[in-house]
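Keep the chain in view while reading.

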Amino acid sequence: MVGTVWLVALFGFFSEAYSANYECQGVAQYGLTFYGMWSNMTHPNAFPFPSGRFSPLVGASHESAYSLWMSGMKASQGVKNVAEMGKFLAILKEREFTFSAMLSLPAPSSDLKQEIMQRITSTKTAWKQIKSGNMAINGTERVMNIEVEVTKDFPYVSLVTMLAPSPDWFTGIMKVSLCNASSGMWMDSWTIDDIQPWDAGTDNGTTFRATDNPTMPPGYISMITTTAPPTDFMKLSASAIPSLGKMMFVRQNKPTMNQCSGMYYYTVKFEAKWSQATHPNGWPSGAHFSPLVIATHSYKYKMWSDMTKASPGVEKVAEDGAEGTLYNEVNMMKKPGFVSNVYKTGGVSTPGGHTITKIMVQNMSSMVSLITMIAPSPDWFVGVDSYDLCGINGWKETMTMNLLPWDAGTENGQTYNLNNRATDPVDVIMRITSNSSSQIGAHANITFATVTFTRGEMITTTTERTTTTDSSAPGLSPGLFSFLSISLLAIFGVLY
């Protein structure tokens with residue numbers, strides 16, 4: 001029995017290395033196309049005469065904790081208004097009001113947009129609002145170029161659109177992730193083919209009419225089927241409701257990857273430029289830069305990036321100058337092959353101090369990132385985000401970058417001081433500009449430090465290929481994993 005427990009635990013350890021979920025890095029932009037597939041031909045006797053419509057799509061990109069709508073939950077006021085939008089569209093169609101009177105009616109989606117905006121600005125559980133415009137969409141119409149933006153922290157998309165006219169029926173998508181968690185890569189494209197009707201639980205109507213008969217008390221959101229609840233969709237002869245449409249997401253900002261062969265050393269020279277002469281406003285006593293953390297990696301990894309939340313390691317560097325947590329985080333990304341090497345330096349005095357480090361890059365790990373704290377400060381830092389040393393003409397010879405200040409979004413503070421109140425809820429990393437009211441803002445556009453990457457010798461020997469400033473072992477190869485799995489099974493056979 002002990003042997004069985006040991007075997008299962010060991011096998012589980014190796015399996016875990018190949019079942020881990022990874023975050024997609026950075027920011028990804030998509031173009032969304034909505035294809036209406038709702039007509040009397042596709043849904044005979046389950047289509048409102050003379051023409052059914054969809055209301056404008058409204059939704060958001062968001063984090064896992066937020067639900068725009070879900071089966072079994074009660075509709076928010078905003079979702080309720082969209083789901084009952086048929087009343088508004090019916091008024092327009094039947095011309096019961098004059099045009100000027102129609103213009104005075106509130107937009108049925110305004111409450112939902114306000115709810116989403118509150119999530120974006122206050123609770124910070126949503127990222128960007130998504131909308132298709134202000135016009136109703138005919139049942140078989142196609143709407144293209146709907147802008148969608150997702151990030152490492154907000155990879156999910158939810159949308160809602162009214163089936164009009166109807167009591168409170170709608171369709172949409174809920175918590176669709178555009179991140180392939182098994183690979184840690186943003187999807188190049190993603191199509192959702194099966195879009196079903198839903199009941200918001202707010203109106204008692206059973207036919208394609210926009211009468212107002214509120215459900216009291218309001219019920220819960222539920223899927224409409226051919227058997228329940230009682231709706232015109234029961235008139236379909238099919239056992240299942242055909243899809244009302246489809247949504248296709250196509251990535252717009254997929255990075256172009258240059259291909260460079262071989263392995264090279266690069267010299268990284270970091271030079272402090274920050275001084276009382278260049279940045280006199282609030283010049284602090286004991287000014288310096290914390291120890292640098294440098295990583296060489298593939299495009300699948302980001303140490304930090306604009307408009308994403310800081311990892312715990314980046315937060316520690318930005319607030320305290322402590323590099324240990326981040327160093328361990330970067331090392332963990334060696335296992336899936338996202339990171340090649342990680343390096344540390346000492347702190348750098350300013351002005352005039354510098355540090356020089358030799359790093360190694362190779363084909364798919366041609367990018368370099370680094371970070372160091374502007375110290376003392378609340379959570380300000382300078383760094384490099386995923387700079388590619390492989391160019392269109394091969395490995396780059398030399399490159400100097402002027403580094404400007406960033407705010408990690410984790411601690412409040414306006415002056416060059418430590419120990420400030422934590423930002424709650426946590427914000428995203430943003431460049432500090434001259435519009436900032438903090439002491440650093442007055443000279444935020446003046447270089448704090450420079451970093452120069454200079455190509456060195458090519459690495460040719462086996463010994464050199466394993467030389468790094470970190471001694472952590474790389475992850476298991478698929479071949480070794482298979483060998484160990486077979487060996488474990490063989491051991492099991494011997495034991496029993």
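**Cores, links and packing**

Start at Phe-453. Setting aside neighbours within four places in sequence, Phe-453 is in contact with Tyr-266, Thr-267, Val-268, Val-368, Leu-370, Val-384, Tyr-387, Leu-389, Glu-397, Thr-398, Met-399 and Met-401. The model is a predicted one.

Phe-453 belongs to the largest nonpolar core, which has 39 residues. Phe-453 is among the residues with the most contacts inside that core, along with Phe-289, Ile-374 and Leu-389. E15 gives the most, with seven residues. A second core stands separate and has 36 residues. Its members include Cys-24, Phe-34, Leu-159 and Ile-192. As background, nonpolar side chains tend to be buried together in soluble globular proteins.

Step back to the whole protein. It has nine helices and 28 strands. Of its 496 residues, 47% are buried. Now consider contacts with a separation of 6 or more. Residues 24 or more positions apart account for 77% of these.

Next come the covalent links. The structure holds two disulfides. One joins Cys-24 to Cys-179, with an S to S distance of 2.1 Å. The torsion about its S-S bond is about 90 degrees, so this disulfide is right-handed. It ties together distant parts of the chain, 155 residues apart. Cys-24 lies in the loop between helix H1 (2–16) and strand E1 (27–36), while Cys-179 sits in strand E9 (residues 179–180). Both cysteines of this pair are buried. Cys-24 is also a member of the second core.

The other disulfide is formed by Cys-260 and Cys-390, whose sulfur atoms are 2.0 Å apart. The link of Cys-260 and Cys-390 is right-handed, with 90 degrees about the S-S bond. This pair too links distant parts of the chain, here 130 residues apart. Cys-260 is in the loop between strand E14 (245–251) and strand E15 (263–272). Cys-390 is in strand E23 (residues 390–391). Cys-260 and Cys-390 are buried. Number the bonded cysteines in sequence order, and the pairing reads 1-2, 3-4.

Turn now to a pair of helices. Two packed helices are described by the angle between their axes and the distance between the axes. Helix H6 (residues 312–320) packs against helix H7 (residues 324–332) at an angle of about 150 degrees. Their axes are 7 Å apart. Angles over 145 degrees count as roughly antiparallel, so H6 is roughly antiparallel to H7. The crossing of H6 past H7 is left-handed. Which residues meet there? On the H6 side they are Pro-312, Gly-313, Val-314, Lys-316 and Val-317. On the H7 side they are Thr-325, Leu-326 and Glu-329.

Finish at Tyr-343. This residue is found in strand E18 (residues 339–344). Is Tyr-343 buried or exposed? Its relative accessibility is 2%, and a residue under 20% counts as buried, so Tyr-343 is buried.

How values were computed. Residues numbered from 1 in each chain as written. Predicted model: local features only at pLDDT ≥ 70, side-chain atom pairs only at ≥ 80, totals over all residues. Heavy atoms only, no water. Disulfide = S-S within 2.5 Å. Helix = DSSP H or I, 4+ residues; strand = E, 2+ residues; numbered from the N terminus. Buried < 20%, exposed > 50% of the residue type's maximum accessible area, 1.4 Å probe, protein only. Core = buried A, V, L, I, M, F, W, Y, C linked by side-chain atoms within 4.5 Å. Contact = heavy atoms within 4.5 Å. Axes fitted to C-alpha atoms, helices over the stretch in contact; angles between N-to-C directions. Parallel < 35°, antiparallel > 145°, perpendicular 65-115°, else oblique. Left-handed = near helix turned anticlockwise from the far one by under 90°.
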